[in-house]
Amino acid sequence: MRVRYSFSSRHTGRLKNIKKQREKFPNLLRKVIEFSDIILEILDARFIDETRNLVIEEAIKERDKIIIYIFNKIDLIDKEKISKEKLHNLLPYAFISCQEHRGGKYLRNKIKAEAKKINKEKVIVGVIGYPNTGKSSVINLLIGKSSAKTGKEAGFTKGIQKLKLTENIILLDSPGVIPTAKYSSKEIGAIAEHAKVGARTYDRVKDAEMIVARLFRVYTKAFQDFYKLKKDNVEELIEQLGRQKNILKKGNEVDADKTSRVILKDWQEGKISPF
Ligand SMILES: Nc1nc2c(ncn2[C@@H]2O[C@H](COP(=O)(O)OP(=O)(O)OP(=O)(O)O)[C@@H](O)[C@H]2O)c(=O)[nH]1
Ligand SMILES: [Mg+2]
């Protein structure tokens, strides 16, 4: 069941109270937080710090709502690599792999247990997070079927969707959000960070070559291992892969931009693992 969510006027009073938050994060997200009793913050288990939205976490806590931290894509990293201290600071949490259908039952029970503590007929669970962290996929895992639409590109989910987990627990899917202050940055470093965690996908970045160069500089060995490259410069990697895959321009030259996008796609799909 997929229904578009609409907000009635009786909520406008409540919304006025959080007027101050208006500049901090987009309208839709503000609504999700306001209407939810429990929030699932979907994080990429490989990039927990980079995909946390501290401004939003603070806003949720100010409203005395429960956050459950979801470490998704756990199939792409050894869970032992996540520090105990980090886990301790992010309670309660759940390890999830939508890809391998792991952790769904545990999370469902956790949500039900938290929902029971809230004295309400209908409990609303908002699902938020950076673009592409797997919000819609987590919802599908919880529900047990493909109810929320998922996609490879960041920014796939456009509006709020309301989905039923049980008779009295409603899930809200929401569009991915990068903190406003960071998103408006035109600085290549900030953009590269978003590309690293998949929040700006290979098809949505301007200068793919520059981003790949930055990733390569930090994770050289991971790239060498994956592409069986002996050299340690990114130009060689692009040249080698472009030839191999026949990604050429007129004059038989490798198309560096297109090849870089292929590399970035491999990275964003977790094929090139630095862990
Ligand atoms: N390896 C792996 N990939 C995953 C997992 N969960 C989701 N993905 C992939 O991540 C991509 C994004 O998934 P979505 O569920 O659409 O993510 P989203 O957070 O809803 O994305 P937006 O709506 O764009 O913000 C898709 O290509 C999924 O297949 C997981 O547990 N492991
Ligand atoms: Mg989505």
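Because the model is predicted, local features need pLDDT of at least 70 and side-chain atom pairs count only at pLDDT 80 or more, while totals for chains, interfaces and linings use all residues. Residues are numbered from 1 along each chain as its sequence is written, chains are lettered from A and ligands numbered from 1 in the order in which they are written, and side-chain values use heavy atoms, with hydrogens and water left out.

The secondary structure of the chain consists of 13 helices and seven strands, taken as DSSP runs (H or I of at least four residues for helices, E of at least two for strands) and numbered from the N terminus. Of the 275 residues, 49% are buried, where buried means under 20% relative accessible area, exposed means over 50%, and partly exposed lies in between (1.4 Å probe, protein chains only). The accessible surface comes to about 14,600 Å², and carbon and sulfur atoms hold 49% of it; such areas come from the Shrake-Rupley method with a 1.4 Å probe, and for residues only the protein chains shown count as cover. Among contacts (heavy atoms within 4.5 Å) between residues at least 6 apart in sequence, 64% join residues at least 24 apart.

Ligand 1 is surrounded by 23 residues, the closest being Asp75, Cys98, Lys135, Ser137 and Phe156, and a residue counts as near when one of its heavy atoms lies within 4 Å. Polar contacts are pairs of N or O atoms within 3.5 Å; within protein, one atom must be able to donate a hydrogen and the other to accept it, and residues adjacent in sequence count only if both atoms are side-chain atoms. An oxygen atom of ligand 1 lies 2.6 Å from a polar side-chain atom of Lys135, an oxygen atom of the ligand is 3.2 Å from an N or O atom in the side chain of Asn72, and a polar backbone atom of Gly176 is 3.3 Å from a ligand oxygen. Taken alone, ligand 1 exposes 650 Å², of which the protein buries 90%.

Ligand 2 is a magnesium ion, coordinated by Ser136 (OG) and Thr157 (OG1) at 2.0 to 2.2 Å. This pair links distant parts of the chain, since Ser136 belongs to helix α7 (residues 135-143) and Thr157 to the loop between α7 and β6 (161-166), 21 residues apart. Donors are N, O and S atoms within 2.8 Å of the metal (3.2 Å for Na, K and Ca), and because water is not among the atoms, sites may look incomplete.The largest nonpolar core has 28 residues, among which Ile211, Phe223, Tyr227, Leu237, Ile263 and Leu264 touch the most other members; such a core is a set of buried Ala, Val, Leu, Ile, Met, Phe, Trp, Tyr and Cys residues joined through side-chain atoms within 4.5 Å. Helix α10 (208-218) is one of the helices that supply at least two residues, and α10 gives the most, with five. In α11, Ala222, Phe223, Gln224 and Tyr227 are buried, under cover that includes α10, α12 and α13.

Asn53, in the loop between α3 (48-51) and α4 (54-62), has a relative accessible area of 5%, and Arg63, in the loop between α4 and β3 (66-72), has one of 19%. The side chains of Arg63 and Glu34 are joined by a polar contact of 2.9 Å.
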